[in-house]
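Please keep the sequence and the three-dimensional view at hand.

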Amino acid sequence: MRLGVCYYPEHWPEDCWAQDAALMRASGLTRVRIGEFAWSRIEPEPRRFEWDWLDRAIAVLADAGLGIILGTPTATPPKWLVDRMPDMIAVDRDGKPRGFGSRRHYCFSHAGYRAEAARITTALAQRYGEHPAVVCWQTDNEYGCHDTVQSFSAAARDAFRLWLAERYGTIATLNAAWGNVFWSMEYRAFDKIELPNLTVTEGNPAHWLAFRRFSSDQVVSFNRAQVDILRRHSPGRDITHNAMGFYTGFDHHDLAQDLDVLGWDSYPLGFLEQFRFTAQEKRDFARQGHPDIAAFHHDLYRGCAKDGRWSVLEQQPGPVNWARHNPAPLSGMVRLWTLEALAHGAELVSYFRWRQFPMAQEQMHAGLLRTDGKPAPALAEVRTVADEIAEIGDPGAAPKHAALVFSYPSEWITQIQPQGEGCSALWAAFSCYTALRRLGLNVNIVAPDAPLDDYALVVVPCLPIVPDSLSASLGAFTGQIVIGPRTGSRSDDFSIPDTLPPGPLAPLVGGKVVLSETFAQGAGYSGDGWEITRWHDRFEGDVQAEIIADGGAVACWKSGRTRYCSGWPEGALIQEIVSRAARDAQLECAPLPAHIRRRTCAEHIFEFDYASAEVRITPNN
Amino acid sequence: MRLGVCYYPEHWPEDCWAQDAALMRASGLTRVRIGEFAWSRIEPEPRRFEWDWLDRAIAVLADAGLGIILGTPTATPPKWLVDRMPDMIAVDRDGKPRGFGSRRHYCFSHAGYRAEAARITTALAQRYGEHPAVVCWQTDNEYGCHDTVQSFSAAARDAFRLWLAERYGTIATLNAAWGNVFWSMEYRAFDKIELPNLTVTEGNPAHWLAFRRFSSDQVVSFNRAQVDILRRHSPGRDITHNAMGFYTGFDHHDLAQDLDVLGWDSYPLGFLEQFRFTAQEKRDFARQGHPDIAAFHHDLYRGCAKDGRWSVLEQQPGPVNWARHNPAPLSGMVRLWTLEALAHGAELVSYFRWRQFPMAQEQMHAGLLRTDGKPAPALAEVRTVADEIAEIGDPGAAPKHAALVFSYPSEWITQIQPQGEGCSALWAAFSCYTALRRLGLNVNIVAPDAPLDDYALVVVPCLPIVPDSLSASLGAFTGQIVIGPRTGSRSDDFSIPDTLPPGPLAPLVGGKVVLSETFAQGAGYSGDGWEITRWHDRFEGDVQAEIIADGGAVACWKSGRTRYCSGWPEGALIQEIVSRAARDAQLECAPLPAHIRRRTCAEHIFEFDYASAEVRITPNN
Amino acid sequence: MRLGVCYYPEHWPEDCWAQDAALMRASGLTRVRIGEFAWSRIEPEPRRFEWDWLDRAIAVLADAGLGIILGTPTATPPKWLVDRMPDMIAVDRDGKPRGFGSRRHYCFSHAGYRAEAARITTALAQRYGEHPAVVCWQTDNEYGCHDTVQSFSAAARDAFRLWLAERYGTIATLNAAWGNVFWSMEYRAFDKIELPNLTVTEGNPAHWLAFRRFSSDQVVSFNRAQVDILRRHSPGRDITHNAMGFYTGFDHHDLAQDLDVLGWDSYPLGFLEQFRFTAQEKRDFARQGHPDIAAFHHDLYRGCAKDGRWSVLEQQPGPVNWARHNPAPLSGMVRLWTLEALAHGAELVSYFRWRQFPMAQEQMHAGLLRTDGKPAPALAEVRTVADEIAEIGDPGAAPKHAALVFSYPSEWITQIQPQGEGCSALWAAFSCYTALRRLGLNVNIVAPDAPLDDYALVVVPCLPIVPDSLSASLGAFTGQIVIGPRTGSRSDDFSIPDTLPPGPLAPLVGGKVVLSETFAQGAGYSGDGWEITRWHDRFEGDVQAEIIADGGAVACWKSGRTRYCSGWPEGALIQEIVSRAARDAQLECAPLPAHIRRRTCAEHIFEFDYASAEVRITPNN
């Protein structure tokens, strides 16, 4: 695994570049990621390019022996471009334009902007595509950041209509598939279909799902256009993109098919603060992050990546600026996060950023250097961990224990139709992940069409649409299976299957769901040390009620090697169910305290302690 | 009382209609409600009608012996109509259009849409008006659902100006009545008056009250246009409409004057979850509903209905899809709710809906049948309760105990000017209703102009505008009276009376309110086991301080047969006051536990137990 | 100190004016404030003036011996004016117009409205400028009320561009100053700059700060235009304006430079309810107000006023209408608030309003008279306190103990970039004020350029931009100094200084801040009886760690006579630090209970008890 850093030569006087590059190398960094926000410096006026500064920056960095990851600058189109095509701006769900003045101010469906994005990508690729130091390209930056995948613009509407015509062929097919007879929502032609926002009450969930798919496809095709250009002009280089945390706005399985390496941006403290953790967890892990945050994404994005190649393109090195509260990592955390990425198989950990920039939006976002150019606390940790990585060497392949099946449309469906507050497929996956990791298991988070052969245990937390390939692979699977609620509960067009949920998985689970209810905290069913929270499915079938709540509600059904979790898969209930399944799968489990996580590799077993008390990690040779 | 069901033949293959109809009859149902969302199937293109399928559906249902309630489809105008007159769309308070894609996407003030609504109503009425199986018409569906009464469109603005000119005659009269001299808000002509939204800070409350009245009147006249057409073409049939729960967007007393039967849609679990109940009540009654939810509306809408004829047009039969959490009713609840409607005098309980539809917005809304056509749990209860109803027969008239006076403008006034958080006339009425029902009394919720002669006790929880008719009827009333805060506190145009509150009721209550204050929880005044919450009125007059808080704040004043509740009428305080008044009225009271309610009829006394433990109701012959 | 009252003759029949005036005088009032909302009565149609009624009203009031404060009516332009220039309306941050129907419906940048405001001001000033009874003018009313300083209109955008061109000279200067290279936000011309709202994610903080400054400047120049007219036509009269509570939308130090007297509107109960007090404080002080609310603003606005001349232009006399809850003041509170204003040096306390108006928006806002013309409870207190004031006479000058430095841009900066929830410069100032007042000290809240010579102690709670004048005055200051976090942390254009915070104050504090973190409640560092909340700065330098938390975090650094508070300056921590500093400054401190405040004057020492139990204040001769 290599270490790198994100750098913005355009922010700093040219005479400090060489010194910066030298210090990077001295700190154990061998990759530098540049360029992704520099459009206004590369092309300050329409068609007038200024390459000199960038030529020199690349030269300086290359001369220092750094491999360069070069970003296309399409996340930040300059003002002159927006002024030339004002309708390239995205429109939010309320119909408000999302204008210039920060970043990501474009609509993925705007043909004019697509042409401009291709033009600037081509220009960059032509100039630096064959540069020996350019080892990797990054397309754009954080697709979807600031909720930018869905645009409710005229361009999006027109493109959506074409997309629908392509998918459904005839309007009658669409009307039938969506059940538009309900509430007289039938359309007479594709060009009469509106975007699903601004309806009086909620729109048809099939309409929303189609729009979510379309919006995701627009991201994928926008990205693919850049990839095609880069492959043409820069043969042999890797192409990557930096995904985000707890983000499902587009289908990362789809996007990753066009990339060589899937990167992601790891901000454990910001994510802890901004996402769905309890007040207690936010206090206990304020300066470490919840112990599953980083690893969950490592294992998720490894599963998305075409050949399992992934990296951390941005690693939090200190306090950030964008969460509600922004604490400093405990001393040692940057080192721990880096080693954990190694244990999970990263190719690269790139810290964000080199030197804190004293101006503009991210002036309070720490770097490896302070704004005054002196080392921030993380730099010493980087230097240390670089040596440790070298010493550890290749940790070796990780044996496959459990597969956790997740798909992006699952989360779209639970967002569109939660039915009960907090019933989210993403967080169901995270809860199941925690339950498995608390047993000390390796987890691979995989797409529904992934092969399952080598695992002892497969968990499908919440997968409303079950593709044929998964029915087949689960049918052939000989290990233990855990299925969660809503799995198999929807057709591809968001209708309930004629056979009732779990649809195609009914043979496997031995029954069907005849009633689903949701409830508030405290209105569920409880058992001995566990509780059925949020959701409950009633079952009909020839199955065994394995876990039963006081009063008779069944929490877990068992049929052969398959368990069905009837309550929402979280907390003590899912811990109990996966523990039973792991035991039946004869997996060697080692229940861990709440703050410890283990990763087993061929050459090393890693244990990461997220407690706030100081612990020294001794690599186990 | 009859039982019925809501049915959508257009959702199902024609070959299952006869079987459905037969099973309805076999389940004890004799009414079927159809058609209210079928515009796109009746008129798939402008002026091209497709009657055949509906002819056949009606024939099949009629042949099975079902009486048909036929709905006009104006709640769901088809897309081609919206495309033809895009400005028929309502506009929300923020100025955003409320477009096609769900339902109720029209502005009540749009003349073009009114003409279209009349046209489709006429077409339906001409075709089926004399059909022998069509026993009742329903106009539109749930006027006001999804907050659709108020529209801030150009059409609404223009109609509002005409309405104001009609009401006030001259602009000087309006300016004087509204106090527009305040903040230089004077208008020089009716056509200069804007809608009251989008002001810098709150608009003139008189402006808002006028707009609320106008908006209500638009609903009433929209409905009346349909009623007139239906009476012309379908003589002898009842006309109804389905009102909602805890909904006050238009004046139901006004609307009901044009109807023969007032229906309402009873979803006790959804209402418990969505409305103002405590967390404890939401837990305790999660699968039953609060014991006053259904009965409150039964007694409210019976009092709105022209001749006291009312029905439940939609009865929840299982989990719904639209609340924050959607639990399943306890076994037996559908039966209990049905019997309670019987006890309160319903003509009909119609379950919503026959078969759960596996697509579109309400796919998670239970029916009597599951999506796979098998019986859902409620069907067996329906069959049982149908027999019980037959056995019980006519429960007989309910003796009049207490009248509770409520008017819709009261709630508009407390919404426009709460003065203290949570001070709502509707919820004051609900709290007083609970207090009376906890004593085992029958309650009639009546309009201010209703006759009061036959009652022993009258409660006026919060009635800012007191019409002369109420002053007169209360003056002549010989029973006990309880008056709550804000009563008589406003003129018809939202000004404080010269004589101070309670205005015309001052002689009755023996004094006047010289200061009103509101306060947060914990900042009120407390007595022995009760508390003055939210609001307190200070009094001047020759009255007796009957209930006094520690420190001297008076909670209840008494003058002759009238008590004035100086605190907000809720909780233990109002319970104590109505108990004293009921005792003085020599009403036979039977204080009931929190989960029991009683309804006394000439032939039967009903008791309904809303506890979550199972209890068998034995009809008492 | 004089007493006065706000009066609206246009609201009342002419035949009650003389009686009102006589009762005012009999109640001890000698000033009457009128006219500020009367435009539609003064000029009912364009260019047609109706002066007669106002002539007569002024004559009646003058004849009674009342000095008149006459308001310009520009806060409430009449409808005909808005109809003539619809684009005079301000636009909110979401792009929505803020229309007619309440007040303050104008954009400060609209040239057409500025001309109209000058025209009506000139007309008034010409007619009454030399009237002997007109002793004072008030410009407009409560600039900024209802969040009206910032307008996102086309007029504002155009004016902002000119303002930027004026400030920065060249676009390159602006781009460099704002760091626009970040995210390619560079502009090629001033007329390409947009307003900072409606960006995809947060805009550049430098962009926002510029817009806040511009918006403030627009208020100041709008006001100055009126002042210039009034000075021309009404020589020798004072000019004032009424500021608000906890309001920082424009720079009051700037505005006050053009006024003779700075007024403010004191609503202790409404402010307690609406602003950042704990639930406990809101309960304990519900009917008194927090004991620092009124005094904080007295001391703040005295420091803003050009020659220290200030007044209370509106004093709450009973329940108001605009808070979430609106309790009545305890008996005696109006008297207490009035005496407290005297103790802090007010020239005038003017009660709002004379008689409660029974119509329109403020019908529930108490006056000295009730709507029926009878005395409200406050009137008797006014009569009493008028005699007491006469008896007390001039309280004499207040010795200078502590200066608290506050600037309006500080609060803009912490609003634009809080970095941690609740980190506000205004509330830091309020917390420090409380800490000083709990020691029994006199406090002057001063601008950064105020002279500091006469104080024993200076506290700078949070002043990101430190002007040279403050560096100089603090450098020369010989007393004790307390500096809070973020002080000196920003350049004038919102960038972090090269030398790190506290920038120019580094020599004074003996070190620099190398890392700042923020955290949620419970995630801070605690010591013995105190806690580091919200924020923590790590320090580098040759300084003494004076107060240290468990685990080693330093809460207070000391260098010579300067202390640096490393945590957010609030609660027990700042109380401890200012106590140490006051002791070192040899100030005679008298720690007071939470409900007592002291004000020391040359002739009297005042103590104000805000406990809810009744206490008799005996002036100490």
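In this predicted model, residues 6-391 of chain A make up a span that is 41% helix and 11% strand, and its end C-alpha atoms lie 24 Å apart. The UniProt record, an unreviewed entry, annotates these residues of chain A as "domain: Glycoside hydrolase family 42 N-terminal".

Aromatic contacts may be considered next. A pair of aromatic rings is described by the distance of the centres and the angle of the planes. Over all chains, the count comes to 154 aromatic pairs. One of these joins C:Trp208 and C:Phe211, whose ring centres are 6.2 Å apart with 75° between the planes, an edge-to-face arrangement. Both residues belong to helix α8 (residues 205-233) of chain C, where a separation of three residues places them about one turn of the helix apart. C:Trp208 counts as buried because its relative accessibility is 8%, which is under the 20% cut-off. C:Phe211 has a relative accessible area of 0% and is therefore buried as well. In the pair formed by C:Phe519 and C:Tyr525, the centres are 5.7 Å apart and the planes stand at 85°, so this pair is also edge-to-face. Both C:Phe519 and C:Tyr525 are buried.

In chain A, ring pairs connect a cluster whose members include A:Phe246, A:Trp264, A:Tyr267, A:Trp322 and A:Tyr433. Elsewhere, a charged group meets a ring: the charged end of A:Arg355 sits over A:Trp12, 4.4 Å from the centre of the ring. In chain B, B:Lys79 lies over the face of B:Phe100, 6.0 Å from the ring centre.

Seven strands form an open sheet with mixed pairing, in the order β12-β11-β13-β14-β21-β20-β19. Its edge strands are β12 (443-446) and β19 (544-548), each of which pairs on one side only. On average, neighbouring strands are turned by 20° against each other, direction ignored. Helix α19 (residues 571-584) of chain B lies across β13, β14, β19, β20 and β21 of that chain, and runs at about 180° to β21(B).

Definitions and conventions
Residues numbered from 1 in each chain as written. Chains lettered and ligands numbered in written order. Predicted model: local features only at pLDDT ≥ 70, side-chain atom pairs only at ≥ 80, totals over all residues. Heavy atoms only, no water. Phe/Tyr/Trp six-rings, centres within 6.5 Å; stacked < 30°, edge-to-face > 60°. Helix = DSSP H or I, 4+ residues; strand = E, 2+ residues; numbered from the N terminus. Buried < 20%, exposed > 50% of the residue type's maximum accessible area, 1.4 Å probe, protein only. Lys NZ or Arg CZ within 6 Å of the ring centre and 35° of its normal. UniProt positions renumbered as here; feature names shortened; annotations may be inferred. Pairing = 2+ DSSP bridges. Axes fitted to C-alpha atoms, helices over the stretch in contact; angles between N-to-C directions. Contact = heavy atoms within 4.5 Å.
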